[in-house]
Amino acid sequence: MSVKVLYFAGLREAMGRSAESVDLPAGVTTAGGLRDCLAGQHEAIRTAKNLRVAVNQQMVGLDAPVADGDEVAFFPPVTGG
Amino acid sequence: MTVSVQETDFDCGAEVAVLSAGDDEAGAVASFVGLVRGGEILAMTLEHYPGMTEQALQKIVDQARQRWEVRRVRVIHRVGRLAPGDQIVFVGVSSRHRGDAFAACEFIMDYLKTQAPFWKKEETPSGGRWVDARESDEDAARRWSGGN
């Protein structure tokens, strides 16, 4: 069970990578669960303010489900326009 | 093509002309152009989430179409490195009457600001910095959900 995790903007720089494959630990079923799991390993995620998440390229809440093969992106609030 | 994400510049006049070309039902065209502000900024770099960006913009256009009677819509957002004075974003809408074009154009910009995955990094004399999201942009998007 693994997901493709993407990082953008300031979070990408703080993580030192734009993408990685992450094995979903048993019991992790939501975007928020994955965030908490990654936060345990990376200070950049632990300290990120107002982290946003997209699952399979749709902006979702942290309660959104994640499953094997999903693309999960974490990023700061958007600033385009 | 409704939505484009591109590094190259765009021609506002040409984009506006296309919105009503050959369509004699169109009675109004409203457009917005966003520019890079100067000041202490030397340049900025626009990053985005390829694939999601186009979908997010199309979804915003679809929502505008559900709310207002619009005919043609065009959204162009540039990415990459831009200098003060450069054009960043174009939104154009045609409709039978001006009210729909004005409202849809503003709605698309307000939603783009909070829903489309773009990020700006500014280059200043003291180094690079990521632009923080503004609460006022969230407020601008929220006002559309409070009734019309």
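**A strand residue and its surroundings**

A: Ile88(B) lies in strand S6 of chain B. Strands here are DSSP runs of E with at least two residues; helices are runs of H or I with at least four; both are numbered from the N terminus. The model is predicted, so local features need pLDDT of at least 70 and side-chain atom pairs count only at pLDDT 80 or more, while totals for chains, interfaces and linings use all residues. Residues are numbered from 1 along each chain as its sequence is written, chains are lettered from A and ligands numbered from 1 in the order written, and side-chain values use heavy atoms, without hydrogens or water.

Ile88(B) is buried, at 2% relative accessible area. Buried means under 20%, exposed means over 50%, and partly exposed is in between (1.4 Å probe, protein chains only). Setting aside neighbours within four places in sequence, the contacts of Ile88(B) include Phe10(B), Gly34(B), Met44(B), Ile76(B) and Lys120(B). Contact means heavy atoms within 4.5 Å. Gly81(A), from the other chain, is also among the contacts of Ile88(B). In sequence, Ile88(B) and Thr8(B) are 80 residues apart; in space, their C-alpha atoms are 9.9 Å apart.

Next, the strand alongside. S6(B) covers residues 87-95 and runs antiparallel to S4(B), with six bridges joining the two. Strands pair if DSSP finds at least two bridges between them. Ile76(B) has Phe90(B) in S6(B) as its bridge partner. Ile76(B) also stands opposite Ser4(B). S4(B) spans residues 70-78 and is mostly covered, with seven of its nine residues buried.

Val73(B) lies in S4(B). Val73(B) counts as buried, at 8% relative accessibility. Beyond four places in sequence, Val73(B) touches residues including Leu19(B), Val61(B), Gly92(B) and Ile108(B).

The buried residues of H1(B), residues 12-20, are Cys12(B), Glu15(B) and Leu19(B). They sit on the same side of H1(B), because they cover an arc of only 65 degrees around the axis. The arc is taken from the directions from the helix axis to the C-beta atoms. S2(B) (28-35), S4(B) and S6(B) are among the elements that cover these buried residues. At the N-terminal end, Asp11(B) caps H1(B), with a side-chain oxygen 3.0 Å from the backbone nitrogen of Gly13(B). After H1(B) comes Gly22(B), with a positive phi near 70 degrees.

The contact takes 20 residues from chain A and 27 from chain B.

Technical notes:
Polar contact = N/O pair within 3.5 Å; in protein donor to acceptor, adjacent residues only side chain to side chain.
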